[in-house]
Amino acid sequence: MNEERGTRDDQRAQADPSSGLGTPDGHQARPALGHDGSAPGTAGARGPGGTGGTDGAAAAGQRPAKKRSKSRSWWIELPILLVFALVLALIIKTFVVQAFFIPSSSMENTLEIGDKVLVNKMVYDFRAIHRGDIVVFNGEGSWDPMTSQTAPPLTRLWNSIIGLFGTAPGVHDYIKRVIGIPGDHVACCNAQGQITVNGVPLREKSYLYPGNAPSTIRFSVTVPPGRLWVMGDHRNVSYDSRGHQALPGNGTVPENKVVGRAFVIVAPVSRWRVLSIPATFQQPRLAQAAGLAGSAGPAALPVLSAPVASAVPLGFGLVGAIPLTWLQLRLRRRLAGSQRGSRPPPRPPSWRRPGRG
């Protein structure tokens, strides 16, 4: 039945070419011709009166123009984004958190040469300096002479940019552990060879460099108001408050020269850890002795001060992450747009002769 019908269709197609049965299988082999004899969609493509070629050339000219405009916009916007990110990083570094590179062995084994630590620069706006804190301070005017010459603005800006990755060159910054706060009487040593603070001995084994004595230098100092007694954990090589006793303040450093508290080691990754206050500085007897001496110790601080202070850098980090995330999204969209613009346009489908079914 199907074969007979196909035979009749073949005969009709041969007898009447305009019947629409252009092929033996009943499908039209080619598109119908237009009034001017051309295939649909190609009218005017050839000949003096045609307009299709002009439209195609105009469209082809617009695509490179748009691409050049996007490229110029990208190269204008990129420096603006980079400057914005740099300014944001400098603001965070100046007021919130700064990275410091450890150049010496005076704090071993707590901090080793090559470690990079983050320093919370806002914590002491919310709480007092505690015994046991590891602090970064500027020694100018206490351990080092004051520099009378001010660096040019461009040099200061360059040093600030370098400081984003660690300590800037030529800065008199030191990192030590706070042993005595204002009003404390710090002495070395008792009959067991221990350093005492207000008569309470410190058990320093957890952070003292192995094999070091608490101190081989004798001293007995009452810390003046507004100053700190600081020492390194590697006592045999640390040139700390003990070695500056001949200077004004008996080797103590001003509290207002403290840059901030080192709270975490971030590099190398194998050394990552939080820098907490050793348990010996949290002895109840030490807090009681400080209270009797009229010193403002950690026990006198509000309970919520430490958590609030710890959360401040995190909050600022989240605030800073919002514009940085926005910048990242903008960059991704720009890159995606440039990649799409560089792709060739899809080729129009060509007429194909259908196969036999």
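The legends below describe close-up views of salt bridges, a disulfide, a strand residue and a sheet in a predicted model.

Residues are numbered from 1 along each chain as its sequence is written, and side-chain values use heavy atoms, with hydrogens and water left out. Because the model is predicted, local features need pLDDT of at least 70 and side-chain atom pairs count only at pLDDT 80 or more, while totals for chains, interfaces and linings use all residues.

**View A. R131 and D184 form a salt bridge between two loops.** A salt bridge is a side-chain nitrogen of Lys or Arg within 4 Å of a carboxyl oxygen of Asp or Glu. In this pair the closest N and O atoms are 2.7 Å apart. R131 belongs to the loop between β2 (116–120) and β3 (134–138), and D184 to the loop between β4 (173–180) and β5 (185–188), so the contact ties together parts that are 53 residues apart in sequence.

**View B. R261 and D133 form a salt bridge.** The closest N and O atoms of R261 and D133 are 3.2 Å apart. R261 sits in strand β11 (residues 258–267) and D133 in the loop between β2 and β3; the pair links distant parts of the chain, 128 residues apart. R261 is buried at a relative accessible area of 15%. D133 is also buried, with 0% relative accessibility.

**View C. D233 and R177 meet through their side chains in a salt bridge.** The N to O distance is 2.8 Å. D233 is in the loop between β9 (227–231) and β10 (253–254), and R177 is in strand β4, so the pair ties together parts 56 residues apart in sequence. D233 and R177 are both buried.

**View D. E112, D115 and R271 are linked in a network of salt bridges.** Side chains of opposite charge can pair when their charged atoms come close. A search of the whole structure finds 8 salt bridges.

**View E. C188 and C189 form a disulfide.** The two sulfur atoms are 1.8 Å apart; the cut-off for a disulfide is a pair of cysteine sulfur atoms within 2.5 Å. The angle about the S-S bond is -70°, and the link is left-handed. C188 is buried, with 9% relative accessibility. The search of the whole structure finds 1 disulfide.

**View F. V119 lies in strand β2.** Its relative accessible area is 0%, and V119 is buried. V119 and G260 are 141 residues apart in sequence, yet their C-alpha atoms are 5.6 Å apart in space. Leaving out residues up to four places away in sequence, V119 touches V96, V97, Q98, F100, V136, G260, R261, A262 and F263. Contact here means heavy atoms within 4.5 Å.

**View G. 4 strands form an open antiparallel sheet in the order β7-β6-β5-β8.** Two strands pair if DSSP finds at least two bridges between them. At the edges are β7 (200–201) and β8 (219–222), each pairing on one side only. Strand β6 (residues 195–197) is joined to β5 by 3 bridges, and these two strands run antiparallel. C188 stands opposite I195 in β6.

Conventions
Buried < 20%, exposed > 50% of the residue type's maximum accessible area, 1.4 Å probe, protein only.
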